[in-house]
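Me: I would like to go through the charged side chains of this model. Please give the cut-offs as the terms come up.

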Amino acid sequence: SNIREVQAGIEKVKTEIDEAKAEIEEAKAEIEEVKAQIEKETNAEEKRRLREEKGQLREEKDRLRKREEQLREEEWQLREEKRQLREEKWQLNERLNKRSGK
């Protein structure tokens, strides 16, 4: 049952990674839109505002990338925990088999 819980955790993290990737793609698209607006804009004040917005979007994208990295690390740790649980289960089964075999 512990292995199932860990597997559920892994699946949850994978979903969160996929969501983070989608948000990163959205942020990239928004950055491209703002870049296009900056190109078209002639008003200096509006250009400045758009550049600030672009900077904020880049910060958001960086934050999302860091979150994705954290989630990947969490997934790796959960997979390692699952591997250890399987190893413990295998060792317990081996001991039980030796006892019942005697």
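Reply: The side chains of E25 and K28 form a salt bridge, 3.4 Å from N to O. A salt bridge here is a side-chain nitrogen of Lys or Arg within 4 Å of a carboxyl oxygen of Asp or Glu. The model is predicted, so local features need pLDDT of at least 70, side-chain atom pairs count only at pLDDT 80 or more, and totals for chains, interfaces and linings use all residues. Residues are numbered from 1 along each chain as its sequence is written, and side-chain values use heavy atoms, leaving out hydrogens and water.

Me: Which helix holds both E25 and K28?
Reply: E25 and K28 are three residues apart, about one turn of the helix. Helices are DSSP runs (H or I, at least four residues), numbered from the N terminus. Both residues lie in helix α1.

Me: Is K28 buried, partly exposed or exposed?
Reply: Buried means under 20% relative accessible area, exposed over 50%, and partly exposed in between (1.4 Å probe, protein chains only). The relative accessible area of K28 is 30%, so K28 is partly exposed.

Me: What is the N to O distance between E32 and K35?
Reply: E32 and K35 also lie in helix α1, three residues apart. E32 is partly exposed at 46% relative accessibility, and K35 is partly exposed at 30%. Their side chains meet in a salt bridge, N to O, at 3.3 Å.

Me: Which residue is the salt-bridge partner of R63?
Reply: R63 has a relative accessible area of 44% and is partly exposed. The N to O distance is 2.8 Å, and the partner is E60.

Me: How far from K61 is the nearest side chain of opposite charge?
Reply: K61 lies in helix α2 (residues 44-101). K61 touches I24, A27, K28 and I31, not counting residues up to four places away in sequence (contact: heavy atoms within 4.5 Å). Lys and Arg count as positive and Asp and Glu as negative, while His and the chain ends are not counted. K61 is buried yet has no salt bridge, and the nearest side chain of opposite charge, D62, is at a distance of 5.7 Å.

Me: Which residue is linked with K12 and E16 in a network of salt bridges?
Reply: A search of the whole structure finds 13 salt bridges. In general, side chains of opposite charge can pair when their charged atoms come close. The residue linked with K12 and E16 in a network of salt bridges is R67.

How values were computed. Helix = DSSP H or I, 4+ residues; strand = E, 2+ residues; numbered from the N terminus.
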